[in-house]
Amino acid sequence: MTSSTLKPRQRKAVLMTAEGMQLRQIAQELNIGYTTLLSWGRNPAYVSAVNEALQQLESEATKELQQGYGDAVKKARELLSSQSESIALGAAKLILNTMNHVVERRESAARWAEMSEQMETMEKRLAMIEFMPSAHDVDPAQGSIEASSTPKRP
C-alpha cells in the first residue's frame with residue numbers, strides 16, 4: 001500500500017503531521033475524530049507517507065541551510081572588522097567554534113576508520129588463534145600434534 005492509496009484527508013493529515021501540527025489540531029482542521037486520526041497512525045501506508053514527508057521536509061531544509069551557509073560565513077568575516085569590539089569578538093568566536101566542530105568531525109572520522117582497521121586486524125588474529133593447536137593437543141609420547149576437528153577457544 002502506497003501513499004497514493006491514502007484518501008485526500010489522510011494525505012492532508014500526513015503533511016500536517018510532518019509539519020509538526022498537534023494531532024488534536026489536525027483532527028479539528030480536517031473535521032475528523034481524534035480517534036480516527038489515531039487509527040490512521042496504525043496504518044503502515046499512512047506511517048510510511050508521514051516518514052516520507054518528514055524526509056522530504058528535512059531534505060529541503062538541509063538544502064536551504066547549505067545555500068545560506070556561504071552567506072553566513074561571508075557575513076561573519078565582514079563582522080570581524082566591525083567597529084564594535086563585542087561584535088567583532090562574537091564573529092571571531094563563531095568562526096573559531098565552527099572550525100573546531102569541522103576539525104572534530106574530521107578527527108572523529110579518522111579515529112573511527114583507525115579503530116575499524118584495528119578491530120579487523122584483531123578479528124583476523126583471533127580467528128587464527130582459535131584454530132591453532134593448544135598444549136593439550138600435543139601427544140608427549142609421540143611429540144606430535146593431534147588433529148582437532150573443533151576449534152579451541154583460549
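Residues are classed here by relative accessible area, with buried meaning under 20%, exposed over 50% and partly exposed in between (1.4 Å probe, protein chains only). The structure is a predicted model, in which local features need pLDDT of at least 70 and side-chain atom pairs count only at pLDDT 80 or more, while totals for chains, interfaces and linings use all residues. Residues are numbered from 1 along each chain as its sequence is written, and side-chain values use heavy atoms, with hydrogens and water left out.

A search of the whole structure finds two salt bridges, each defined as a side-chain nitrogen of Lys or Arg within 4 Å of a carboxyl oxygen of Asp or Glu. One of them joins Glu78 to Lys75, whose closest N and O atoms are 3.6 Å apart. Both residues belong to helix H4, where they lie three residues apart, about one turn of the helix; helices are DSSP runs (H or I, at least four residues) numbered from the N terminus. Lys75 counts as partly exposed because its relative accessibility is 46%, and Glu78 is likewise partly exposed, at 42%.

The other salt bridge links the side chains of Glu120 and Lys124, at 3.6 Å from N to O. These two residues are four apart in helix H5 (residues 85–130), and are therefore separated by about one helical turn. Glu120 is partly exposed, with a relative accessible area of 45%, whereas Lys124, at 52%, counts as exposed.

In helix H1, which contains Gln10, this residue counts as buried at 8% relative accessibility. Beyond its neighbours within four places in sequence, Gln10 is in contact (heavy atoms within 4.5 Å) with Trp40, Asn43 and Tyr46.
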